[in-house]
Amino acid sequence: MTSDKRLSEIRIILVGGRDVFGTEKSGKSTTGNIILGRNAFEVGRRTARSVKAEGEVHGRHVTVVDTPGWVWCCSVENTPNFDRLEIMRSTTLCQPGPHAFLLVIPVNSTFPHICRAPLESQLELLSDKIWKHIIVLFSCVAPLKKKIKESQDMMWLVGKCQNRYHFLNIKSCADCSQVVTLLEKIEEMVAQNNGHYLQIDKGISVGDKQDIGSAKANRQKTVLQACIRDAKQHKTDIRIVLIGGVQGAKSSAGNLILGKKVFAVNRPKTLRTTVCCAINQAKVHNRRLTVVDTPGWYYNYPVEKTPEMDKLEIRRSVHLCAPGPHVILLIIPILACLEMTVHTAVEKHMGLLGEKVWNHTIVLFTWGDWLGDTTIEERIEKEDKHLELLIEKCGNRYHVFNCKNHTDRTQVTELLEKIEEMMIENNNSHYVPEMESNPCLEIDLMLKTTKTNMTKMNRQTQIIQELLREIKLAELRIVLLGVEDTWKFMAGNRILRGESLFPPKEVHMHSC
Ligand SMILES: Nc1nc2c(ncn2[C@@H]2O[C@H](COP(=O)(O)OP(=O)(O)OP(=O)(O)O)[C@@H](O)[C@H]2O)c(=O)[nH]1
Ligand SMILES: [Mg+2]
């Protein structure tokens, strides 16, 4: 590379998502540390805010900004506001503008087709001209060019960036040459952009962060006042119902509360794990705890679209712990975004239990590790007003769980204290289930009908399978029909991931 392309100063923003059910991190902070040649960014926990670090690197002054990762398959609209704002704030940390965005992806991860549109929405939120300034950085332990070439989606991504990519061996911090080559690739890209860095017009001012402070203080005060009240009075028997959307960590929270793995989490090859209510008990901190786990609903589904069986199960949950639960824990994963449709779905599904349920409900935020160094109060402030309204509906009661951390039992004791305070506010009364119709009888009837239908369906599947076995096709084109995109996407993905009985050799998915 010619010396006239060399820059005295380089400003870089690291961006990328997280695969929540797979490898998790993309490796942005590690990448930043390798570029700067020192431990400038914390790698032990999630990066929840944009952070800047700088240093002299191979004769250039290099500024690196690390940013929070979004969930790869979530578009901007489904990303919590706090994360969105922090990603946008990254640009204000490298004024007058970044020369390069490094889109960090672990080379071993899959980047499925469904992540394309979310990725575009996330990046284009920063600027519609951003693609001219991106280099795909494959974090790896060995360059795997073949792997990229084999993946249509990776090739699409590299193509979007005009074939700019770089392999960074994250296990080889001592190898300076890989950083020098990366800096040269950035300089090459800047030269192609006529020496320009990216001028951002959509960024937010750093000052935005300041108004978080006072609101946070107010909220913490309310929580503190509630905590002081009667904190020493322990109840001996507490009945708990867990309720919330699918994959929100209901079962994980149940296991954390009971201190043992009794509810199933992550059943392989299923879209959701808990399909009917389950009940378990344990003695915890001198209290006898009964926990009922329930099937979840799909987050933005109106209650009318939730299967009748699930609705009955949700209603049955409060009957399972007779005479009624002391608390309903409404599970909200921190990585979810609570906008209008989701909010309505929560209210309507909670409504299945009756109007009085709110007096006995505590919001339990799960995925506490997603907070990084931020607090839940900061995030509530930045989130859509619907989340605030929902918490208000629950008498401003909320708590945070990191279900991955089983050693920190204080998160459970603090929750139990909050439950006991709420019980005192409710004059020690538990929630009394509405008795007009008995969901248990309704479920019995439904099960009988379902059994007959299943027998019919199994026979039909058998016939189709036999037919397919006889006709050997080189190519198989399938049209998925149905009302809801989510279901079709899920079914499509299962087929494309090779979970079907007859996976075609080469697969393409088109949406109409
Ligand atoms: N990082 C992180 N992952 C979590 C946490 N809690 C749960 N998970 C993961 O989230 C996924 C779903 O957890 P579950 O407890 O099965 O969630 P659920 O709401 O019971 O799911 P369904 O029964 O399928 O509706 C699992 O892969 C868990 O390992 C958490 O606090 N942090
Ligand atoms: Mg579950």
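This note goes through the ligand site, the cavities and some local backbone features of a predicted model.

1. Conventions. Residues are numbered from 1 along each chain as its sequence is written, and chains are lettered from A and ligands numbered from 1 in the order in which they are written. In this predicted model local features need pLDDT of at least 70, side-chain atom pairs count only at pLDDT 80 or more, and totals for chains, interfaces and linings use all residues, while side-chain values use heavy atoms, with hydrogens and water left out.

2. Ligand shell. Ligand 1 is surrounded by 20 residues (a residue is near a molecule if one of its heavy atoms lies within 4 Å of it). The closest are Lys250, Ser251, Ser252, Thr273 and Asp369. By class the shell has 10 polar, 6 nonpolar and 4 charged residues (Ala, Val, Leu, Ile, Met, Phe, Trp, Tyr, Cys and Pro count as nonpolar, Asp, Glu, Lys and Arg as charged, and the others, Gly among them, as polar).

3. Ligand contacts. Oxygen atoms of ligand 1 lie 2.9 Å from a backbone N or O atom of glycine 248 and 2.8 Å from a backbone N or O atom of threonine 274.

4. Cavities. There are 5 cavities of 30 Å³ or more (on a 1 Å grid over the protein atoms alone, a cavity is a set of points where a 1.4 Å probe fits but cannot get out; lining residues have an atom within 4 Å of a point). Of its 14 lining residues, Ile334, Ala336, Phe365, Glu383 and Leu387 are the closest to its centre. Helix H11 (376-382) and strand E12 (327-333) each give two or more residues to this lining (DSSP runs, helices H or I of at least four residues and strands E of at least two, numbered from the N terminus). H11 gives the most, with 3 residues. The lining has 12 nonpolar, no polar and 2 charged residues.

5. Backbone. Two peptide bonds are listed here as cis: glutamine 95 to proline 96, with omega near 0°, and alanine 322 to proline 323, with omega near 5°. Proline 96 lies in the loop between helix H2 (81-89) and strand E6 (100-106); proline 323 is in the loop between helix H9 (308-320) and E12. Histidine 285, not a glycine, has a positive phi of about 45°.

Definitions and conventions. On a 1 Å grid over the protein atoms alone, a cavity is a set of points where a 1.4 Å probe fits but cannot get out, and a pocket is an open set with protein on both sides within 12 Å along at least five of seven lines; lining residues have an atom within 4 Å of a point. Grid points are joined across faces, edges and corners, and a volume is the space filled by probe spheres set on the points. A polar contact is a pair of N or O atoms within 3.5 Å; within protein, one must be able to donate a hydrogen and the other to accept it, and residues adjacent in sequence count only if both atoms are side-chain atoms.
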